[in-house]
Amino acid sequence: MQVLVKQSPSFIEVFTTKNGAIYQCDTERCWYVDFAGKLARFDHRNLLKLRKAVYNIDIEALLLDNTKTPDLEIIFICACDHCYVLSLLQIIALKEILEGAFVMLELNSIISQRLGTAHI
């Protein structure tokens, strides 16, 4: 089942890969994560919690695990309506999207600081 994503014109693309994207919405003061067939809304605090939850998954341990358990992880963020049940490849893809988005946000902040100090 494919979910069609209808984007608001106020969305600003922060980072995109072939597997998903993160958008910033200034009018709602939130973030939208387009991943695994759904568009989920996060406030800044919950986006940080999602990043922390994904970063804390030990991908190497999952790769080296020889047991016959499924390689699925459930990512549930406290005080958030969204839950992800992801395979190992999806976890890697989501981690790539989150890393890219936060690098872009940090880069934007650095550029703004440098341009702000250059005019003084």
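Two strands are said to pair if DSSP finds at least two bridges between them, and this idea is needed for the close-up views below, which are all taken from a predicted model.

**View 1. The hairpin formed by strands S1 and S2.** Strand S1, which covers residues 11–17, and strand S2, which covers residues 20–25, pair in the antiparallel sense over six bridges. Within this pairing, Phe15 can be found opposite Ile22 in S2.

**View 2. The open sheet of four strands.** The four strands are arranged in the order S1-S2-S3-S4, with antiparallel pairing, and together they form an open sheet. Because S1 and strand S4 (38–42) stand at the edges and each has a single partner strand, one side of each is left without a neighbour in the sheet. On average, and with direction ignored, neighbouring strands of this sheet are turned by 20° against each other.

**View 3. The pairing of strands S3 and S4.** Strand S3, made up of residues 30–35, runs antiparallel to S4, and the two are joined by five bridges. Here Tyr32 is the residue that stands opposite Arg41 in S4.

**View 4. Confidence along the protein chain.** The pLDDT of the protein chain averages 87, and 90% of the residues score at least 70. In the protein chain, confidence is highest in S2, at a mean of 96, whereas the lowest confidence is found in helix H2 (residues 59–64), where the mean is 87.

Terms used:
Residues numbered from 1 in each chain as written. Predicted model: local features only at pLDDT ≥ 70, side-chain atom pairs only at ≥ 80, totals over all residues. Heavy atoms only, no water. Axes fitted to C-alpha atoms, helices over the stretch in contact; angles between N-to-C directions. pLDDT = per-residue confidence, 0-100.
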